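Subject: Structure handover

Hi,

Here is the structure you were waiting for. Please open it next to this email; my notes follow below.

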Amino acid sequence: MQENNTGNPFASLDLDPEVFKQLGYRAVDMIAEYYATVRNRSITAPNSSSEIEAAFQETLPEEGQDPRAILEEWTAKVLPNATHLGSPRYFGFVNGSGTMFSVLAEALAASVNMNTGGWKASPSATEIERRTISWIAQMIGYAPDCGGLFLGGGTIANFSALHTALRMKAAYNTTEEGLQPDQRQGKYTVYMSDHEGHISIIKAADMLNLGRNAVRKVPSKDDFTMDTEALERMLEEDKANGYIPFCVVAQVGSINVGIIDPLEEIARICKERGLWFHADGACGAFGAILPGIKSLYKGLEQADSITLDPHKWLYISYECGCLLVRNPEHLRRSFSTAAPYLRGTLPTQYSGLDYFDYGPQMSRGFNALKVWMTLKQYGVAGYRKLLGQNVQCARHMHNLVVASDSFEPLHTPQLFIYSFQYCPKDLKSHRGDATVDSYLDRMNQLIADEITATGQAFIMTTRIRGRVVLRISVCSHRTTLQDIEQVFAALNSIGERLDQKERPLHFNVVAGPGV
Ligand SMILES: Cc1ncc(COP(=O)(O)O)c(C=O)c1O
């Protein structure tokens, strides 16, 4: 156990300032060395899941240990078993790369340890959060005097948006009675597109106890955007059948193909029917700063609420989600609670904002600092360049796919997410044959698994209209066109080799020679 050196017999967790400095310098050296090597690291850990589990099978420490030795475990055990999202060739999920300034912001925020639930425990942090939320709104063309806050991620932001929507749209006061008042008739329903709607909306409906079936899937068009005529028909039919539609969720950068739903049209439909318009912009809302695609975002300014994820397309370190709500009072009416111990029983001079009144959490960390600091560091102009590069990379991959005999495009990328399929030339005209299709599904999965296992790139698959396809999410400020070319070449050669090895013998007969 560490003794404090003050002669005070009370135990303390505090370190001697000189020891703290040495540990801090060592940690900074470790981090700097990491960044110097992240581009060339194997992205995935070479060890199996059971080996990784075994590395951390440790007994509860009864006695304290030397902090220097604990710090070295980072290099010895944690890093070798990490997945390196900071690599320029990490294209998994929709994961951001993490900014270096976020690291310093996290350390500084932890040092003062303000709890941003209440203003009294976090005056400067509250002001920074208010300011940063307003900047984000301004960046994407939303009302800068909107309400909003930072949250753990897009899922909890979507949950908070649906909670607010339900509170505001229910015909009675749900605050005290929830969904169980006597006067309730019918089931609440929320709408999103069938192909590209995100699972977090279903999770949110589940957590709100609306039931997963409350999420109604609206058919999408060939370009994967929501068919708004179908939406209108569904809303009419559902109402006639006794449902209570309360919210439509538009995708602003969707998970499989990165599309943006027709926002103006959805805004109109919601307005005409008194529905809440929520824009799920976890993936793509920040793209509104890009002049070349700005027109796709028309109508976003009319949303009642918008989810954004700074830990995705602002590259802020995990976690950092964000919710904007046009009318701050709607958030307050949805989340505010009162107890004598929250503000102190007597009136105080301060009459400003306590974030525990505006969101699901009471205690909260200082997420805003890393966004505030990084936004200042790059500026909107800097971000415009970085986001533009990501779009350029996705389009470059598309161009390579289109120019190749061995791949098939499924869409043209609008943002940084791109899905495509490996398909050898001689099988292209046999698409639709169940045996060929299922072989290609298996091949694409094997290709993604192999390139990821080699550690040179991290690529996952998804399903597009029933087909298993390769999918990249270029959400890294480090990815270059050369990275894209390198990964494309690797996919191509893995595909060729696997095709030679895996193609069933009888298959060439099915496919026909020389097709
Ligand atoms: C469109 C969309 N919404 C919501 C989410 C959930 O965000 P998070 O993972 O930050 O909870 C994601 C995650 O990828 C997403 O793509």
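Which residue in β3 is the bridge partner of serine 193? It is valine 218. Keep in mind that this is a predicted model.

**Strand β2 and its neighbours**

Start with β2, residues 188–193. It pairs with β3, residues 215–218, in the parallel sense. Four bridges make up that pairing. Besides the pair of serine 193 and valine 218, methionine 192 stands opposite lysine 217 of β3.

β2 also pairs with β4, residues 244–251. Those two strands run parallel as well, joined by four bridges. Here tyrosine 191 faces valine 248 in β4.

Helix α8, residues 199–207, belongs to this part too. Together with β2 and β3 it makes a β-α-β unit, and the unit is right-handed.

Is β2 covered or open? Mostly covered: six of its six residues are buried. In a regular strand, side chains alternate between the two faces of the sheet. In β2, Tyr188, Val190 and Met192 point one way. Thr189, Tyr191 and Ser193 point the other way. All of them are buried.

**The ligand**

How many residues surround the ligand? There are 15, and the closest are Gly154, Thr155, Asp280, Asp309 and His311.

- Glycine 154: a polar backbone atom is 2.8 Å from an oxygen atom of the ligand.
- Aspartate 280: an N or O atom of the side chain is 2.7 Å from a nitrogen atom of the ligand.
- Aspartate 309: a polar side-chain atom is 2.7 Å from an oxygen atom of the ligand.

Taken alone, the ligand exposes 390 Å². The protein buries 84% of that. Two elements give two or more residues to the shell around the ligand: α6 (154–169) and α11 (310–313). α6 gives the most, with three residues.

**Salt bridges**

Side chains of opposite charge can pair when their charged atoms come close. A search of the whole structure finds 28 salt bridges. One of them joins arginine 442 to glutamate 502, with the closest N and O atoms 2.8 Å apart.

What does that pair tie together? Arginine 442 sits in helix α15 (residues 434–454) and glutamate 502 in helix α16 (residues 481–502), so the bridge links parts that are 60 residues apart in sequence. Arginine 442 has a relative accessible area of 43%, so it counts as partly exposed.

Glutamate 502 also forms a salt bridge with lysine 501. The closest N and O atoms of that pair are 3.6 Å apart. Lysine 501 is exposed, at 61% relative accessible area.

Elsewhere, the side chains of aspartate 437 and arginine 431 meet in a salt bridge of 2.8 Å, N to O.

**A buried serine**

Serine 122 is in the loop between α4 (100–112) and α5 (123–140). Is serine 122 buried or exposed? It has a relative accessible area of 0%, so it is buried. A polar atom of its side chain lies 3.4 Å from the backbone oxygen of asparagine 115.

**Backbone geometry**

Most residues other than glycine have a negative phi, and most peptide bonds are trans. Here are some exceptions to check.

Phenylalanine 224 has a positive phi of about 75°, although it is not a glycine. It lies in the loop between β3 and α9 (228–240). Its relative accessibility is 3%, so phenylalanine 224 counts as buried.

Tyrosine 315 has a positive phi too, near 65°. This residue lies in the loop between α11 and β7. At 0% relative accessibility, tyrosine 315 counts as buried.

Which peptide bond is cis? The one from tyrosine 318 to glutamate 319, with omega near -10°. Glutamate 319 is found in the loop between α11 and β7 (321–325).

Best wishes

Conventions. Residues are numbered from 1 along each chain as its sequence is written. This is a predicted model: local features need pLDDT of at least 70, side-chain atom pairs count only at pLDDT 80 or more; totals for chains, interfaces and linings use all residues. Side-chain values use heavy atoms; hydrogens and water are left out. Two strands pair if DSSP finds at least two bridges between them. A crossover is right-handed if, with the strands pointing away from the viewer, the path from the first strand over the helix to the second runs clockwise. A salt bridge is a side-chain nitrogen of Lys or Arg within 4 Å of a carboxyl oxygen of Asp or Glu. Buried means under 20% relative accessible area, exposed over 50%, partly exposed in between (1.4 Å probe, protein chains only). A residue is near a molecule or strand if one of its heavy atoms lies within 4 Å of it. A polar contact is a pair of N or O atoms within 3.5 Å; within protein, one must be able to donate a hydrogen and the other to accept it, and residues adjacent in sequence count only if both atoms are side-chain atoms. Accessible areas come from the Shrake-Rupley method with a 1.4 Å probe; for residues, only the protein chains shown count as cover.
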